[in-house]
Amino acid sequence: MYNIAYIYAQLFMSLCIAEIFASQLESAIVFMGFDLAVLDFDSLKLRLESATFQFSELTVILHKMPQSPIKSAMEIILILYGIYEVLSTIGRRIIKERKPLTKTQIEKLTHIDQELFKARQIANNAGKRGRVFLFTITQLSKIRTQFLEVGKVRKNDFGRLSGFLSLGALVIQVFVVHSTIHPTGSNALLFFLGEIIISLIVGFGYEAIKFKPLIEVYSEALKAKTEND
């Protein structure tokens, strides 16, 4: 009798501790969703790192617990944490660094699809508490698909897209400036040089820093023009 009571007491204590870690991890996952939605991979990385302890402890506790709807719901939280961890790394590569997916990363995204399917199955069978995760699972599935599509684009295609954006921005600027301000002579040349620089920034973003010599030429020419005037 004493042994049975002790076992139940241990199970109850484990459940209470698991609930604490699960609640903390679930809260972190909610904010991870916000970070991923706005592509803030730095914040997402920090949240993942700060929740590592809860993830590890909850994993150990659940391994010892008998199966139940409560355990199933907590298992979904662990699955979602693992998915955010992978999407954080892959998202940073394809969005911030503009690099294509590696073969290993494509395989990881394929595995995420399997994990999401597993999480959805668990959620559907975990009662009301499990079903609250269905929306998050659906959103992560959409993001996974988008990352896969964007990441398969070759790096050269990023450059081609940037070139098209730059050309489009240049055409618009030339039309607007020369149809409104009507610059002539050296002013026209300065305006055109400035339009080229702005167009490069529009198309290439931070990578436009590679055109720094052109920016310096424009800056010096503009300075000389201002002093002469």
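Predicted model: local features only at pLDDT ≥ 70, side-chain atom pairs only at ≥ 80, totals over all residues.
**Exercise 1. Overall composition**

Determine how many helices and strands the protein chain contains, and what share of its residues count as buried.

Solution. 
Step 1. The assignment of secondary structure gives 10 helices and zero strands.
Step 2. Read along the sequence, the pattern is accordingly written α-α-α-α-α-α-α-α-α-α.
Step 3. The protein chain has 229 residues, of which 33% count as buried.
Step 4. Take the contacts between residues at least 6 apart in sequence: 70% of these join residues at least 24 apart.

**Exercise 2. The pair α5 and α7**

Classify the relative direction of α5 and α7, and list the residues through which these helices meet.

Solution. 
Step 1. Two packed helices are described by the angle between their axes and the distance between the axes.
Step 2. Helix α5 covers residues 103-125 and helix α7 residues 134-151; their axes come within 10 Å and cross at roughly 165 degrees.
Step 3. Angles over 145 degrees count as roughly antiparallel, so α5 is roughly antiparallel to α7.
Step 4. The crossing of α5 past α7 is left-handed.
Step 5. On the α5 side, the contact is formed by I106, L109, T110, I112, D113, L116, A119, R120, A123 and N124; on the α7 side, by L134, I137, T138, L140, S141, R144, F147 and L148.
Step 6. Sorted by class, the residues of this contact are 11 nonpolar, four polar and three charged.

**Exercise 3. R144 within that contact**

Decide whether R144 is buried or exposed, and state which residues R144 touches.

Solution. 
Step 1. R144 lies in helix α7.
Step 2. The relative accessible area of R144 is 10%. Buried means under 20%, so R144 is buried.
Step 3. Not counting residues up to four places away in sequence, R144 touches L109, T110, I112 and D113.

**Exercise 4. Two partners of α4**

Classify the packing of α3 against α4 and of α2 against α4, and give the residues involved in each contact.

Solution. 
Step 1. For α3 and α4, the axes are 11 Å apart and the angle is about 140 degrees. The pair is therefore oblique.
Step 2. The crossing of α3 and α4 is left-handed.
Step 3. T52, F55, L58, T59 and L62 of α3 meet K71, M74, E75, L78 and Y81 of α4. The contact comprises six nonpolar, two polar and two charged residues.
Step 4. For α2 and α4, the axes are 10 Å apart and the angle is about 155 degrees. These two helices are therefore roughly antiparallel to each other.
Step 5. The crossing of α2 and α4 is likewise left-handed.
Step 6. From α2, F41, D42, L44, K45 and L48 meet Y81, Y84, E85, L87, S88, G91, R92, I95 and K96 of α4. By class, seven residues are nonpolar, two polar and five charged.

**Exercise 5. The nonpolar core**

Identify the residues with the most contacts inside the largest nonpolar core, and state which element gives the most residues to this core.

Solution. 
Step 1. The largest nonpolar core has 43 residues, and M32, L36, L58, L87 and F147 have the most contacts inside it.
Step 2. Two or more residues come from each of α1 (2-37), α2 (41-50), α3 (52-64), α4 (69-96), α5 and α7.
Step 3. The element that gives the most is α4, with 13 residues.
Step 4. Leaving aside neighbours within four places in sequence, L36 is in contact with F41, L44, Y84, L87, L140, I143 and F147.

**Exercise 6. Accessibility of three further residues**

Assign S72, I95 and Q24 to their helices and accessibility classes.

Solution. 
Step 1. S72 is found in α4, and its relative accessible area of 10% makes S72 buried. Beyond four places in sequence, S72 touches Q67, I122 and A126.
Step 2. I95 is also placed in α4, but at 33% relative accessible area I95 is partly exposed. Beyond four places in sequence, I95 touches L39 and F41.
Step 3. Q24 belongs to α1 and, at 38% relative accessibility, counts as partly exposed. Q24 and A51 are 27 residues apart along the chain, and their C-alpha atoms are separated by 8.0 Å.

Notes
Residues numbered from 1 in each chain as written. Heavy atoms only, no water. Axes fitted to C-alpha atoms, helices over the stretch in contact; angles between N-to-C directions. Helix = DSSP H or I, 4+ residues; strand = E, 2+ residues; numbered from the N terminus. Parallel < 35°, antiparallel > 145°, perpendicular 65-115°, else oblique. Left-handed = near helix turned anticlockwise from the far one by under 90°. Contact = heavy atoms within 4.5 Å. Nonpolar A, V, L, I, M, F, W, Y, C, P; charged D, E, K, R; others polar. Core = buried A, V, L, I, M, F, W, Y, C linked by side-chain atoms within 4.5 Å. Buried < 20%, exposed > 50% of the residue type's maximum accessible area, 1.4 Å probe, protein only.
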